[in-house]
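We will go from stop to stop, and at each one you select a few residues and look around.

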Amino acid sequence: MSTSGSPPASGRLGTGHILFLIVAAAAPLSAMVGTVPLAFAFGDGAGVPAAFLFAGVTLLCFSVGYAVSARRTGGSGGFYASVADGLGRPPAVAAGYVALLSYNCATIGLAGALGYFTQLVFAAHGLTVSWEWCAAVGLLLTAVLGYREIALSARVLALLMLGEIGVLAALDVAILARHGLHALPTDSFSPHVATGHGVGVSLMFAFVSFIGFESASLYGKEAKDPRRSVPRATYAAVVLIAGFYALTSWLAVGAVGSDKVREVAGKQMGDLFFVLGDDFLGKAGSTGLQILLCTSLFAATLALHSAANRYAQVLAEDGLLPGGLAAEHPRHRSPHRASLAQSALTTLVVAGFAVAGLDPYADLTTSMLGLGTLGIVALQALAALSVLGLRLRSGSGHWWREVLAPLLGFAGLAASVWLVVGNFDMLTGSPSEVIAALPWLLPAVALGGLLYAAWLRSARPLRYRLLGTRHTAAPVPEPSPASPALSGDRHA
């Protein structure tokens, strides 16, 4: 039964398209500029590259299990479908609502960061443009691209990704050319440095830098061959992101010096990579880094916007949100109504912060992006657990793909959740008690989802029985549209 009134979207996305969509969500250049200096300063300094490598291996284990779920669900539905398949309907409803909250918060936070850093780049070149106008232009472009077919967004993101990865690759080559093998200090991977004081903080920043890589499982309906391209894109994204983060942070350690990187990063913070760019690439290289930081933030905003509105569409298809949000555009085959709703929500929140005179970065970005990040990491851990649940229910499965790999992924991600909660003030950079209490929203929303699912089970049993079934390998047959049991129940 289709809630959209239109035929299914023809698959237009290949593995490469999906790869660009999910790598863009991780925003490699933004992570290097904004996250790595914090990890150097407050984590274990020169041991940060090892933390990225460890996070990459852990998330690769998670991806092995998640690929099992993606093949069973057709590579669509994201965390909602995965949890429904492995842990059942009530946890899936909770996961769906938490995912919707988390991806929307992350998108809103990135919109604030886009306005803030674009304003700074303009100011550095003698132009005065308010952050509100910078954010408004970014949100308008995001709304236009989000409304249209996903392949167009994928092509735009491909160009932006090539730019930001290219400038960082040029910086890497320049450091290697000047320092040779001394740019790759072995200290970074020695046990006493890699596990030294602050390693927990380094691991936290490493894990949160991968946010969005799992969103490949939202594009199954728009992929040419979802059961192959979604797992492949997920694996490729983890390897690419982990390798790139580890190598670039390692070369930064070599450029600054193993014994000085913590102190230098503590003084320069967000300017660290701009200083390196100016030193190794010249003034033009530093300017290029500044401009591409803005495009990186726009790319991440667009990628997470696309993920958020697909969660809204999936939940609307199952009657967990107003049914109109499930509609697909007859020509673009995009969730255009969900995209418009997400754009309106982001605009309202950003405008609210602007009218209140709050800081776009210290107040908006840190709080919203911090909450979204925590929610997504928690959902990754739950998705790993759902693969184990699927294995227990079926009583059979491959020992590596369905047992050990997801177990290792769950252990690492659960530890990451604990680290993020314990260091939430550091992640957000705010001492505010209100912001410190934001993580409580996640269990509150999850509890609301569980209670709503329990109500559906008793009050709307047929509707409850259909939750999550459209994404499973062997869906439950749907009742006839004329069934009186479902009639008038859709929006109850």
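**Stop 1: Thr-58**

Select Thr-58. At 7% relative accessibility, Thr-58 counts as buried. Here buried means under 20% relative accessible area, exposed means over 50%, and partly exposed is in between, with a 1.4 Å probe and protein chains only. Thr-58 sits in helix 4. Helices are DSSP runs of H or I with at least four residues, strands are runs of E with at least two, and both are numbered from the N terminus.

Before moving on, know what you are looking at. This is a predicted model, where local features need pLDDT of at least 70 and side-chain atom pairs count only at pLDDT 80 or more, while totals for chains, interfaces and linings use all residues. Residues are numbered from 1 along each chain as its sequence is written, and side-chain values use heavy atoms, with hydrogens and water left out.

Now show the neighbours of Thr-58. Not counting residues up to four places away in sequence, Thr-58 touches Phe-207, Leu-408, Gly-409, Gly-412 and Leu-413. Contact means heavy atoms within 4.5 Å.

**Stop 2: helix 10**

Select residues 199-208, which form helix 10. How many of the 10 residues of helix 10 are buried? Eight are, and the helix is mostly covered. The buried ones are Val-201, Ser-202, Leu-203, Met-204, Phe-205, Ala-206, Phe-207 and Val-208. Next, colour what covers them. The cover includes helix 3 (36-42), helix 4 (48-73), helix 15 (360-394), helix 16 (400-422) and helix 17 (424-428).

Zoom in on Ser-202, in helix 10. Ser-202 has a relative accessible area of 1% and is buried. Leave aside neighbours within four places in sequence, and Ser-202 is in contact with Ala-39, Gly-43, Asp-44, Val-48 and Ala-51.

Then step to Asp-225, in the loop between helix 10 and helix 11 (226-256). Is Asp-225 buried or partly exposed? Asp-225 is partly exposed, with a relative accessible area of 34%.

**Stop 3: the ring cluster**

Select Phe-62, Tyr-66, Phe-79, Tyr-103 and Tyr-311. Ring pairs link these five into a cluster. Rings of Phe, Tyr and Trp (its six-membered ring) pair if their centres lie within 6.5 Å; planes under 30 degrees apart count as stacked, over 60 as edge-to-face and the rest as tilted. The whole structure holds 12 aromatic pairs. Look at Phe-79 with Tyr-311: this pair is stacked, because the ring centres are 6.5 Å apart and the planes are at 15 degrees. Phe-79 lies in helix 5 (residues 78-87) and Tyr-311 in helix 13 (residues 272-317), so the pair ties together parts that are 232 residues apart in sequence. Phe-79 is buried at 0% relative accessible area, and Tyr-311 is buried at 1%.

Stay in helix 5 and pick Ser-82. Ser-82 is buried too, with a relative accessible area of 2%. Beyond residues up to four places away in sequence, Ser-82 touches Tyr-66, Ser-69, Thr-73, Ala-383 and Ser-386.

**Stop 4: two crossing helices**

Select helix 1 (residues 15-26) and helix 8 (residues 150-179). Their axes come within 8 Å and cross at roughly 65 degrees. Axes are lines fitted to C-alpha atoms, for helices over the stretch in contact, and angles run from 0 to 180 degrees between N-to-C directions. Show the side chains of the contact. Helix 1 gives His-17, Phe-20, Leu-21, Val-23 and Ala-24, and helix 8 gives Ile-150, Ala-154, Leu-157, Ala-158 and Met-161.

**Stop 5: two loop residues**

Most residues other than glycine have a negative phi. Select Ala-27, in the loop between helix 1 and helix 2 (28-34). Its phi is near 50 degrees, a positive value in a residue other than glycine. Ala-27 is buried, at 5% relative accessible area.

Finish at Arg-333, in the loop between helix 13 and helix 14 (336-355). What is the phi of Arg-333 near? The value is near 55 degrees, which is positive. At 18% relative accessibility, Arg-333 counts as buried.
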